[in-house]
Structures are given as C-alpha cells and as structure tokens.
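These are my notebook entries on a structure that I examined one place at a time. Each entry records what I looked up and what I found.

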Amino acid sequence: MKKITSLFLALIMLLSCFIGTEITSYAAKTYAETKLEEIEKLSGFVPGKTSIVTGNCYAFVSAVCEKLFGHKYQEEMYNGYQCKHRTGYFYEVSVLKTTTDMSAASINKIINFFIQNAMPGDVVHYGSLSNSSSTHTFMIQSIDNKKMRIFHSNYSTREYGSSTCHIDTIYWDSFRNNPTSSVYNSDGTLYSHNSLFYSKMRYAGMGVTINRATNYNSLYYSVGAESTVPPTVKASRSTPTSIKLSWNNIAGASKYHVAYKLKTDTAFTTATNSCTATSYTVGNLKVGSKYTFKVRAYAAGKWMNYSEELTVKALPPTVSSATIKPADKGMSLTWAKKDGLSGIKIYRSLTENGTFSLIDTIDRASSTYLDKNVKYGTTYYYKIERYVNAYGNYYSTTSKAFAKKYELKTPTMIIDRLSTSSVRATITGDGCQTNFVYYLQTGGKTVQTQKSTKNTVVTLSSLELGKEYSLYVAEKTSIGQGEYGKVTFKAMPKEVTNVNAQLVSGAIRVTFDPQSDIDGYYVYRQTGSDGKFVEIAALSKAMQSYDDRNIKLNTEYSYMVKSHKSAGGERYIGECYAPSQAVKHTLPATAKLKASRYSPTAIKLSWKAVQFAEKYTLQYKEKGGSWVTVTDITKRTYTVKKLNVGSVYYFRVRAVNSLGNGTWVKKVSLKALPPTPEKPVCTVKSKGIKVSFTPASYASGYMIYRADKKNGKYKLIATVKGNKTKSYLDKNVIKNKTYYYKLVCYKNKNGVTYKSAKSKYTKQKY
C-alpha cells in the first residue's frame with residue numbers, strides 16, 4: 001500500500017511539471033523565493049540538469065513564470081531589452097541604459113539599479129544597444145545588498161552547458177573589483193558571474209529592464225525568504241534597569257524573537273519569542289552592567305537569521321532633548337520624565353565648550369527646572385544629568401549642551417477696526433511674559449502714554465477719523481524688557497462684513513452687517529471674473545440691503561460693500577472684509593413638456609414651473625410649417641386649438657421675466673387625433689351586455705371592441721354613428737362567460753376617418 005501511495009504522489013509531481021497552473025496551489029501567501037526553491041526541485045527546472053526548454057532563455061523563464069504566477073510570460077520583445085506588455089499579466093518596473101564605461105561609478109549604477117528596484121521572481125531582459133539580437137532573459141532568484149542570484153537557461157559557464165538550468169550568483173563586491181570577468185573557486189565552480197553584463201556593454205552600452213507580475217503582491221511578500229535582511233536593531237534606555245529595542249518591520253513576519261545576555265556570558269536568554277510589534281522593552285537589568293541583544297523574525301514558516309548583536313550598558317536614560325525658553329522669573333527647562341532615578345543635576349556654562357558648573361540637584365521625579373539667576377540678553381548652556389546610586393556605586397548619564405539666550409520676542413500685532421474711532425489690537429508674543437507694555441503715537445506725538453497689560457487683546461478708543469497712528473508693544477518680565485514691535489494704522493470706518501448675494505425675482509439682493517457710526521454705504525459690483533469692482537449704488541445709513549436690477553441673464557456677479565463717513569471736509573471710505581459669493585440669474589429649460597389630446601383639433605400642453613419665471617412663451621407648428629408664437633402665458637398650461645385633424649404638430653416653451661428669455665425646452669410632437677375615450681360602463685341585461693359611454697360633441701361615432709381575455713385580441717363588434725347614441729347592447733354572449741370591452745372614438749373629415757387610441761378595458765361576466 002505504501003508503494004502504491006508513493007507512486008501516486010510521484011505521478012502527481014511529474015504531472016505538475018507539464019500541466020502547470022491546473023495543479024499549482026497558492027494556499028497561503030509566502031515568499032517568491034520560497035516558491036522558487038520548490039520549483040527548482042521539479043524536473044526540467046533543477047540547476048545543473050537539462051532545462052524544460054533548451055535553446056531559448058526567454059521561453060525557459062516563461063515556463064518558470066507559469067509555475068510561479070500561474071501565467072506564462074508571453075510579452076512581445078523589442079529593442080532587445082524591453083517588452084510590449086499586452087497580456088496584462090506583467091508590467092515594466094524600471095529601465096536602465098548604460099554606456100561602455102566600466103568605471104566604479106558605472107558599475108555602482110548597475111548594482112544600485114537592481115538593489116533599489118528588483119525583487120525575487122522579477123523577469124530581467126538585457127541586451128546590447130548596438131545589436132538587438134544580442135540579448136538574454138533571466139529571473140531573479142534572490143537579491144540583497146551583498147549579492148544577486150539569477151535563475152536562467154541557454155547560457156554556458158565552465159560548470160554547466162547552455163542546455164541546463166543555472167542558478168548563478170553575482171557578489172556585488174566581486175563585481176565591483178572584476179566587472180569584466182567572472183571569478184571561479186579553486187575547484188572550478190563559478191563563484192561570482194561578473195561577466196554577465198560585460199559582453200553586452202562593451203560595444204555600445206546595454207539596456208536593462210525589470211518586469212513584474214501584476215498578481216505579485218496577492219501571492220507573495222515583497223522580499224525573499226533567504227535573502228531577507230535581518231532586522232536592524234536600535235536601543236534606547238527606558239529606565240536605569242530597562243532597555244527598549246526597536247527594529248524595522250520585516251515583510252511577512254508574524255512575530256519576533258528577542259534574546260539578550262550579559263556581555264560576559266556565553267548563552268543568550270529569551271526575552272520573548274512572540275512579540276508581534278517592532279519594539280520590545282527588556283527589563284529587570286542590573287544598572288552598570290553591559291548587555292548584548294539580538295532579534296530575528298519568524299516568516300514563511302521558519303525563524304530567519306538574527307540581527308547583528310548590539311551591546312548596551314544599563315544606565316539612566318540620557319536626556320536627548322529639552323525645551324528651554326525665557327519665563328517670567330527666569331529660564332525654564334523642560335524634559336521627558338523617567339522612572340527609577342535617584343536624582344537629577346543641572347549644570348550651566350556661559351560657553352558651549354567652557355566649564356559647566358553644578359547649579360542645582362533636584363528631585364528624581366522632576367522634569368522641569370527654573371533657573372532664576374539669569375540676566376537679560378545672555379546666552380546660557382545647560383546640561384542635564386540623570387543619576388542612580390546602586391550597589392554602593394554612582395551611575396549617571398549627562399546630556400549634550402542645550403543653549404538658549406534670554407531674550408524676549410518682539411511682538412506682532414493685528415489691527416481690527418471696531419468703529420470709526422476705535423480699534424482692537426491682537427498681540428502675539430512668546431507667551432512667557434508677565435506683561436505687555438504699550439503706547440500710542442500720532443504725528444510723532446504720544447497720545448496714549450505707556451500702559452501695562454496681561455492681556456493679549458488691547459482696545460484703543462477716542463481715535464480721530466482719518467488720522468494715522470502707530471502702536472508700540474513690547475514684552476516684559478521680571479528679568480527685563482524686549483524690543484518694541486510697531487504697527488501703523490489709520491482711523492477709518494470699520495470693514496463691512498458678511499456681504500451676501502442672493503437671487504430674488506428680477507434682481508440680485510445684496511445684504512451685509514449694518515454699522516451705526518457712519519454716513520452710508522457704497523455698493524460695488526464685479527461682472528464675470530475680470531477682477532474689477534465698479535461702484536453701482538450709494539446707500540443711506542438706514543439701508544441694510546440693496547436690490548440690483550440692472551443685470552442680465554446668465555451673467556455672473558459678485559459684490560463688495562464699503563461704509564463711509566465724512567469729517568473735516570474729507571470723506572473716508574472703509575474696506576470690505578470679503579466679497580460676496582458669485583451668483584447669476586438663469587431661466588433654464590423647464591422640465592419635460594407634456595402634450596395630450598383635448599379634442600381632434602386641440603392639444604393641451606403642461607409643464608413645471610421655472611424659478612423666477614414671470615410668464616411663459618409657447619410656440620407650435622404643423623409639420624413642414626412655420627412656428628406660431630403664443631406670448632404672455634401666466635399659467636403652466638395652455639390648449640392650442642383650431643388644429644388640422646390628422647396632422648403632426650411640434651411644441652416648445654420657455655420661461656420669461658423682466659431680465660429676458662429663458663432656454664427653450666426640448667420640443668415634443670403629437671398628432672392631432674380624437675382623444676382616447678374613457679373606458680365604457682358595462683351592465684348585464686336580459687338579452688346581453690349593455691356597453692354604455694358618454695359621447696363627445698366632436699365625435700363622428702364610436703367603435704366597440706371585445707376580447708375573451710384581458711390581454712387577448714380585441715375585435716370590432718359594433719360601430720355607433722353620431723354623438724347622440726350612448727350605448728350598445730351586445731347580444732352575442734354566453735352565460736357565465738366574462739368579456740372585456742374597449743372603446744374607440746373616431747372623427748370623419750374630408751372623407752378620411754381618424755381614430756383615437758383604444759380606451760382602457762372594462763370586464764363583465766354575463
């Protein structure tokens with residue numbers, strides 16, 4: 001039984017070499033390199049053995065692609081090194097062109113091209129720029145910053161012939177040292193295939209393209225398994241007895257293993273083997289001792305290589321950054337708080353490389369310090385030491401020097417007009433002052449003497465309209481006073497705010513926030529987007545809106561409003577905070593025009609309202625004729641009469657108001673015929689079914705149709721002439737049978753009979 005099972009499994013493996021995608025399984029996302037390692041064990045793909053395709057490197061790589069991605073590489077080659085990707089299964093990642101230059105810079109350019117762009121499973125074409133037939137295709141088996149391994153066929157080396165599969169390696173350092181010749185081991189085996197590109201470069205340079213499967217990311221992680229660079233680990237001290245390790249994320253890794261030991265020990269201890277984050281803090285360390293750490297990732301079902309070992313001494317964490325700024329009573333220092341300390345020492349110097357003197361020892365839990373012994377304008381350099389007393393020893397770390405000059409920022413001010421005689425100044429400084437000091441001048445004379453305030457907003461009143469003023473503001477603390485900042489402004493009417501434009505019937509209404517201490521307003525208008533605002537109206541102080549009626553349809557307008565006031569024979573005009581939004585009046589085409597027959601010679605039209613329409617214009621014409629216009633329609637319905645029965649008519653309508661005419665609605669057509677009558681009324685009589693109806697005055701008569709089923713074939717059973725007879729008795733009926741009746745109105749004109757559509761049905765059981 002075991003032998004039969006083995007033969008069956010062998011048969012499946014053999015078939016998989018030829019059937020390809022039908023039995024290729026992609027059950028779980030893995031690495032392309034891992035999948036390639038499986039493929040390289042299949043017949044026809046084994047390195048050193050006869051290739052599944054001989055004499056054609058391109059076709060061999062295509063067969064590998066079928067195993068790896070489920071699709072052959074069937075792209076059209078051109079230029080000897082590029083493909084026209086028409087199948088949609090692959091795309092071009094990057095292209096490189098070289099010259100014949102074999103300098104170190106040129107070789108590094110080739111190496112960096114692959115390191116920065118390529119991944120395992122990528123298809124590479126390269127060829128001579130002077131000979132399109134001198135080309136080769138290979139697949140990248142693995143790549144990192146030390147080497148690149150390639151999977152290919154139809155290529156000879158000392159070791160293997162062109163009919164076999166190859167996995168050759170190019171070591172980057174070897175390639176840099178020997179770019180034109182390959183390097184072999186003492187036993188004759190190929191070490192580094194450095195000459196791979198030289199034969200294509202040496203005449204006129206070469207072209208190289210990297211190509212990738214479009215379904216790559218859905219099947220594989222974006223790095224290789226064996227070539228995965230181990231994590232790069234960094235360490236930082238969290239407390240005197242704990243060290244935080246952090247590392248870069250490894251694609252496809254599900255967890256990480258962190259190991260550590262005393263530097264003097266030989267064996268590592270596992271800190272964790274189930275860390276799913278990219279950082280981990282190792283605690284319970286002995287302060288003052290050196291520890292060695294390493295990290296590895298678990299991916300593709302196995303543990304990867306460890307990172308390089310990192311040795312760190314357990315000490316108090318060094319203060320890496322500090323915020324130093326002037327405060328009200330001195331220089332303020334702030335830094336991150338850490339646990340497990342015995343205390344903190346503050347050192348100070350007047351020069352960066354001078355002698356730092358201890359100025360204070362503070363509590364271990366502190367993370368702020370105020371240096372009160374400072375002078376204005378002096379630069380101070382600080383160092384912060386964290387220390388621990390343990391095991392009878394003193395352990396500490398000291399920060400680099402942090403420098404700051406005790407100097408207050410020159411304030412900046414923003415002026416907002418509150419009225420024609422007052423403004424509000426908003427002051428921005430360092431935020432560390434106790435007070436601002438300020439004074440106001442005009443014409444070089446001080447009109448408000450120096451005042452002090454704790455607020456960042458100052459109101460200046462009793463200003464004279466039209467005069468120019470200068471406000472001076474400085475920061476002040478108990479240590480000193482900074483430079484004055486200056487802002488110059490003119491006492492003017494307040495800016496007009498909240499200017500809004502809205503559409504009303506026949507006009508655009510402009511509204512704004514009113515003001516009290518002014519003489520009036522000016523309204524300005526911009527037409528289109530020409531950027532020019534032109535005065536169009538002057539308003540009294542009492543007016544709070546303006547209707548602009550001098551406008552056109554389909555033209556965009558925006559508005560500004562400015563207030564004004566006169567003093568001393570001068571008129572002063574303020575500003576507009578912001579223009580209104582742009583608006584325009586339109587009279588769009590009304591909703592779909594509906595036409596229905598009113599009589600054989602009259603058609604009724606109806607339509608939906610158009611905003612701001614005051615009336616409507618209707619046009620109609622007989623087919624082949626000219627338009628007839630009906631104006632000043634105030635309702636949304638109109639009946640066109642005196643039409644020729646049997647003729648086709650066209651209709652259209654548009655909205656009209658005092659600004660102009662709107663857009664015509666899409667025309668509709670209807671043939672003048674008798675309207676469809678109401679369905680008949682049926683009643684059972686002793687001798688049959690009575691079909692009753694109300695005849696119209698315009699009717700020449702009615703036709704009565706009958707069917708045995710609702711959707712059956714309706715046959716004419718009677719014609720009632722004239723418009724006086726109101727019923728017909730259908731005697732041709734059978735007991736307990738249901739009949740369906742419809743009615744048609746007809747009109748005789750000039751020897752021609754014109755019929756309406758059939759009415760809705762009425763059913764009646766006899």
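In which strand is Asp632 found? I noted at the outset that this is a predicted model. I located Asp632 in strand E47, which covers residues 628-633.

**Entry: backbone angles**

I looked up the phi of Asp632 and read a positive value of about 55°, although the residue is not a glycine. For background, I noted that most residues other than glycine have a negative phi. I then checked the accessibility of Asp632: its relative value is 49%, and the residue counts as partly exposed. The limit for exposed is over 50%, so Asp632 at 49% remains in the partly exposed class.

I next turned to Asn154, another residue other than glycine with a positive phi, here near 60°. I found Asn154 in the loop between strand E7 (147-152) and strand E8 (166-171). Its relative accessible area is 28%, and I recorded Asn154 as partly exposed.

**Entry: helix H4**

I followed helix H4 through residues 104-117 and recorded 14 residues. From its first C-alpha to its last, H4 reaches 20 Å, close to the 20 Å expected at 1.5 Å a residue.

Which residues of H4 are buried? I listed Ser106, Ile107, Ile110, Ile111, Phe113 and Phe114. Looking down the axis of H4, I found that these buried residues fall within an arc of 150°, so they line one face of the helix. On the other side of H4, I noted Ala104, Ala105 and Gln116 as exposed.

**Entry: helices H2 and H3**

I examined how helix H2 (residues 32-39) packs with helix H3 (residues 57-69). The angle is about 115°, and the axes lie 10 Å apart. I recorded the crossing of H2 past H3 as right-handed.

Which residues of H2 and H3 meet? From H2 I listed Ala32, Lys35, Leu36 and Ile39, and from H3 I listed Val64, Lys67 and Leu68. Sorted by class, this contact has five nonpolar and two charged residues, with no polar ones.

**Entry: Thr617**

Is Thr617 buried or exposed? I found a relative accessible area of 9%; the cut-off for buried is under 20%, so Thr617 is buried. I placed Thr617 in strand E46, residues 615-622. Leaving aside residues up to four places away in sequence, I listed what Thr617 touches: Thr629, Val630, Thr631, Arg652, Val653, Arg654, Val656 and Trp664. Among them, I noted that Thr629, Val630 and Thr631 lie within the range of strand E47, residues 628-633.

Technical notes. Residues are numbered from 1 along each chain as its sequence is written. This is a predicted model: local features need pLDDT of at least 70, side-chain atom pairs count only at pLDDT 80 or more; totals for chains, interfaces and linings use all residues. Side-chain values use heavy atoms; hydrogens and water are left out. Helices (H or I, at least four residues) and strands (E, at least two) are DSSP runs, numbered from the N terminus. The expected span of a helix is 1.5 Å times one less than its number of residues. Buried means under 20% relative accessible area, exposed over 50%, partly exposed in between (1.4 Å probe, protein chains only). The arc is that of the directions from the helix axis to the C-beta atoms. Axes are lines fitted to C-alpha atoms, for helices over the stretch in contact, and angles run from 0 to 180 degrees between N-to-C directions. A crossing is left-handed if the near helix is turned anticlockwise from the far one by less than a right angle, and right-handed if clockwise. Contact means heavy atoms within 4.5 Å. Ala, Val, Leu, Ile, Met, Phe, Trp, Tyr, Cys and Pro count as nonpolar, Asp, Glu, Lys and Arg as charged, and the others, Gly among them, as polar.
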